[in-house]
Amino acid sequence: MAGRIKDEDIALVRERTPIADVVGEYLQLRSAGGGSLKGLCPFHDEKSPSFNVTPAKNLWYCFGCNEGGDVISFVQRIDSLSFTEAVESLARQSGVTLRYEEGGRSTRRDEGKRQRLLDAHRAAAEFYAEHLLSPEAATARRFLTERGFNRTHAERFGLGFAPAGWENLTAHLRRRGFTDQELISGGLASQGRRGAYDRFRNRLLWPVREVTGEVVGFAPASSTPRRTGPSTSTRPRAPSSTRGGCSTDSTWPSGTSPTRARRSSSRATPT
Ligand SMILES: [Zn+2]
């Protein structure tokens with residue numbers, strides 16, 4: 001593909017694609033009053049609908065996942081597509097002919113953009129790893145301990161903990177010079193009504209790595225099947241050393257009971 005899709009064409013795709021029609025192909029939408037529609041969220045398990053679509057604003061939002069976005073982000077997520085692929089797919093459906101920025105310059109720009117995203121993910125991984133040692137992460141550490149993981153394993157696999165709250169990582173990365181747009185397009189933050197907010201909150205996280213070892217995403221442990229995660233087909237060996245300058249000792253401090261069980265039995269927020 002030649003390069004980046006022109007911004008005005010992306011805007012046109014958004015404008016010409018009725019979000020309710022697109023979402024409606026994947027789930028049944030009913031009126032929720034006030035011009036909104038609702039249905040069962042395709043991204044999490046639920047019995048009562050907390051997935052909302054506002055056609056007038058061309059936005060979706062799930063009160064269960066606390067995630068939302070526009071029609072492009074919906075297609076990205078539901079079909080596991082990149083941003084460009086999602087725009088191309090919607091453009092085909094809505095008859096918009098896409099124009100691309102010229103090759104050379106935009107390719108360099110794409111590479112620069114990709115490097116920025118990798119930098120943001122590296123900073124996020126450090127931030128999450130640091131928080132796994134915080135008092136707030138006691139439950140997460142307990143969860144790991146019960147599965148044979150100690151601090152050395154956590155460091156080796158790059159496990160982390162996203163603290164509760166809406167802007168911990170977002171504020172941290174903003175201070176490091178990343179823009180909200182970069183955090184949102186990188187999947188580290190979600191678009192809220194008042195700007196970007198942390199995508200992961202109060203969660204134990206596995207890093208998702210490319211073959212190069214670079215972190216390109218995070219997967220919450222609570223929605224990860226029990227035996228997955230990096231190289232857990234065999235139980236990790238005992239630690240050979242304890243390293244790192246943080247104050248927590250080499251074994252995890254004990255915490256309260258894990259949150260896993262709660263999730264499977266929790267109901268979605270009624271709307
Ligand atoms: Zn949801």
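**Exercise 1.** In what sense do β4 and β5 pair, and over how many bridges? Work it out on this predicted model.

*Solution.* Start with the direction: β4 and β5 run in the antiparallel sense, and four bridges join them. Next, pick out a pair: tyrosine 61 has glycine 68 in β5 as its bridge partner. Finally, look at the link: this hairpin has four residues between its strands, and asparagine 66 shows a positive phi near 55 degrees.

**Exercise 2.** Now find which residue in β4 stands opposite valine 53, and describe the turn between β3 and β4.

*Solution.* β3 covers residues 51-54 and pairs with β4 in the antiparallel sense, again over four bridges. Across from valine 53 you'll find tryptophan 60 of β4. The two strands make a hairpin with four residues between them, and in its turn asparagine 58 has a positive phi of about 60 degrees.

**Exercise 3.** Over to the helices: list the buried residues of α3 and say what they pack against.

*Solution.* Helix α3 spans residues 71-79, and its buried residues are Val71, Ile72, Ser73, Phe74, Val75 and Gln76. These pack against α1, α2, β4, β5 and α4. Just past the helix, serine 80 takes a positive phi of about 50 degrees.

**Exercise 4.** Are α3 and α4 roughly parallel or roughly perpendicular?

*Solution.* Their axes lie 9 Å apart, at an angle of about 110 degrees. Angles of 65 to 115 degrees count as roughly perpendicular, so that is how α3 and α4 sit. Val71, Ile72, Val75 and Gln76 of α3 meet Phe83, Ala86, Val87, Ser89 and Leu90 of α4. Sort the residues of this contact and you get seven nonpolar, two polar and no charged.

Methods
Residues are numbered from 1 along each chain as its sequence is written. This is a predicted model: local features need pLDDT of at least 70, side-chain atom pairs count only at pLDDT 80 or more; totals for chains, interfaces and linings use all residues. A residue is buried if 20 or more other C-beta atoms lie within 10 Å of its own, exposed if 12 or fewer, and partly exposed in between; C-beta atoms are placed from the backbone. Two residues are in contact if their C-beta atoms, placed from the backbone, lie within 7 Å. Two strands pair if DSSP finds at least two bridges between them. Axes are lines fitted to C-alpha atoms, for helices over the stretch in contact, and angles run from 0 to 180 degrees between N-to-C directions. Angles under 35 degrees count as roughly parallel, over 145 as roughly antiparallel, 65 to 115 as roughly perpendicular and the rest as oblique. Ala, Val, Leu, Ile, Met, Phe, Trp, Tyr, Cys and Pro count as nonpolar, Asp, Glu, Lys and Arg as charged, and the others, Gly among them, as polar.
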